[in-house]
Amino acid sequence: MTSRTPRDSRLRLVRPRPLAAAPRAVTQRRTRRPAPRPPEGTPPPAELARMARARLAGAARVAHWADAALGPGRAGASPDGRGTLSDATAQRAAADLGLTVAQVRADWDTARLAGLVEVHGDSARPGWRLRAWDRDDSAVLRGWVALFDAWSLAYPEPADREHAAVAEVVSAMPQVLSFLQLSAGPVPFEQLLDLLQQRVTELRTERCEVPYGPRPEPVVPPVPESADDTELAPLLDWALDALAYVGALTCADGQATLTPLGSWAVWVKLEQICVAAQSPAGNIEQNAEAMLRGCAQLRPNAARAEYRAWLAARPVGSAVTELLDAARGEDALLRGLAFEALRVVGAPAEPEVRRAAEETTLRPYALLWLAEHDGVDPEDAHDVLTREEATWLWVDTAAAVADHGEAPLLVRHLESAVQATVPALLDEVRAVGHPRTVQVLVALAAAHPDPALAKAVRRAAFQVHTGGR
């Protein structure tokens with residue numbers, strides 16, 4: 001490298017920082033939006049988790065037994081596609097735990113609904129919530145909320161009622177639960193029955209459809225039948241019994257009252273609905289890749305609000321899969337944004353992110369995510385990367401800047417490199433084998449105002465292109 005004027009080609013060393021998204025990598029720092037506060041009187045998370053552990057104690061005991069006695073991947077479930085225990089396994093568990101077979105089956109079903117065990121055909125394995133059961137209150141609360149969401153499956157439905165009527169009541173119960181939560185106290189069954197009847201009538205009205213297109217004679221839509229008290233009263237009793245079974249409410253003296261867990265869970269669901277309703281630009285309806293592209297120009301706080309809205313409208317498992325699929329694409333910016341969205345997901349994404357850490361393309365992002373998830377300060381998270389991984393991430397982020405940013409941004413990105421000098425950086429960039437290395441070096445050479453440095457970068461790009469040194 002020659003120049004008439006001596007120049008200092010060393011890179012200014014800076015503290016390592018997350019490079020997941022190009023704009024934030026060089027210009028912005030992470031800020032956290034204050035979490036919405038639950039209603040006054042709601043117990044703290046640790047107390048809620050204690051209540052959830054107590055409710056799920058039997059399920060956790062059976063799940064731990066299955067983990068120890070059966071081992072991962074061993075036969076334990078019936079090959080019926082529903083995850084029920086085989087007769088032999090249920091009898092063995094009952095003998096080991098001092099329970100009846102019926103109790104074992106009930107606790108197993110609860111463990112399955114709460115995500116403490118995952119069943120695949122005729123084999124079962126412990127879920128991530130069981131692994132985190134004793135140390136992670138959020139895992140326990142998520143498990144209980146999963147059971148709360150599945151209340152209609154956790155308790156046998158009336159055998160003498162039509163499935164359509166049961167489905168109507170299940171669809172109407174969120175409004176009943178919301179009313180209980182807003183009442184913040186006991187509500188008589190008669191009042192709940194009136195509310196249920198109104199909501200079921202509304203559902204039946206919404207199903208009345210008037211056909212479109214030319215018609216020779218006016219078609220009058222049928223008048224929906226009103227919900228009958230005598231029809232709905234037994235179904236309301238069933239719904240309240242089922243919700244009491246999962247620990248969401250209590251019934252006494254002809255009145256129903258939400259438990260602290262139930263009140264908190266209903267508030268969480270209402271907050272998710274509100275977040276989903278605030279989705280800007282309609283990105284909530286898009287797939288993960290389109291949503292991330294829509295968030296690319298948003299500031300960090302606005303983007304995180306969009307991630308929360310998108311996630312609230314989807315099952316967490318499929319959402320994590322979509323985000324990782326988007327991260328595997330060729331666009332490095334989407335890779336970084338996908339892991340930003342996964343940070344909003346939190347603990348439920350951990351198993352899939354750990355698996356992603358085995359893929360070369362995703363490994364640096366996954367390792368940073370896992371470090372931050374384990375409590376490492378984001379400013380220090382880069383310490384978990386090897387020199388090669390950090391260099392690969394630098395090239396990947398530079399590719400995102402080159403594709404979506406401006407030239408000055410790419411020049412400033414040089415400051416985040418871990419190497420002390422430009423020659424050292426170029427040597428390690430050539431060695432790391434990133435597929436976008438040539439394009440990144442050409443773009444950096446074109447953008448840098450220092451002619452001598454630009455010449456050295458162009459030479460490095462040519463050497464990578466031709467396979468020389």
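Leu-249 has Leu-258 in strand 5 as its bridge partner. The model is predicted, so local features were taken at pLDDT of at least 70 and side-chain atom pairs at pLDDT 80 or more, whereas totals for chains, interfaces and linings use all residues. Residues are numbered from 1 along each chain as its sequence is written, and side-chain values use heavy atoms, with hydrogens and water left out.

The protein contains 23 helices and five strands; helices (H or I, at least four residues) and strands (E, at least two) are DSSP runs numbered from the N terminus. Of the 469 residues, 46% are buried, where buried means under 20% relative accessible area, exposed means over 50%, and partly exposed lies in between (1.4 Å probe, protein chains only). The accessible surface of the protein is about 23800 Å², and carbon and sulfur atoms account for 53% of that surface. These areas come from the Shrake-Rupley method with a 1.4 Å probe, and for residues only the protein chains shown count as cover. Among contacts between residues at least 6 apart in sequence, 67% join residues at least 24 apart, a contact being heavy atoms within 4.5 Å.

Strand 4 (residues 249-252) and strand 5 run antiparallel and are joined by four bridges; two strands pair if DSSP finds at least two bridges between them. Besides the bridge from Leu-249 to Leu-258, Cys-251 is partnered with Ala-256 in strand 5. Strand 5 also pairs with strand 3 (residues 187-188), in the antiparallel sense and over two bridges. Here Pro-188 stands opposite Gln-255.

In a regular strand the side chains alternate between the two faces of the sheet.

Most residues other than glycine have a negative phi. Asp-253 is not a glycine, yet has a positive phi of about 55°. This residue belongs to the hairpin of strand 4 and strand 5, which has two residues between the strands. Asp-253 is exposed, with a relative accessible area of 78%.

Ala-184 likewise has a positive phi of about 55° without being a glycine. The residue is found in the loop between helix 9 (163-183) and strand 3. With a relative accessibility of 71%, Ala-184 counts as exposed.
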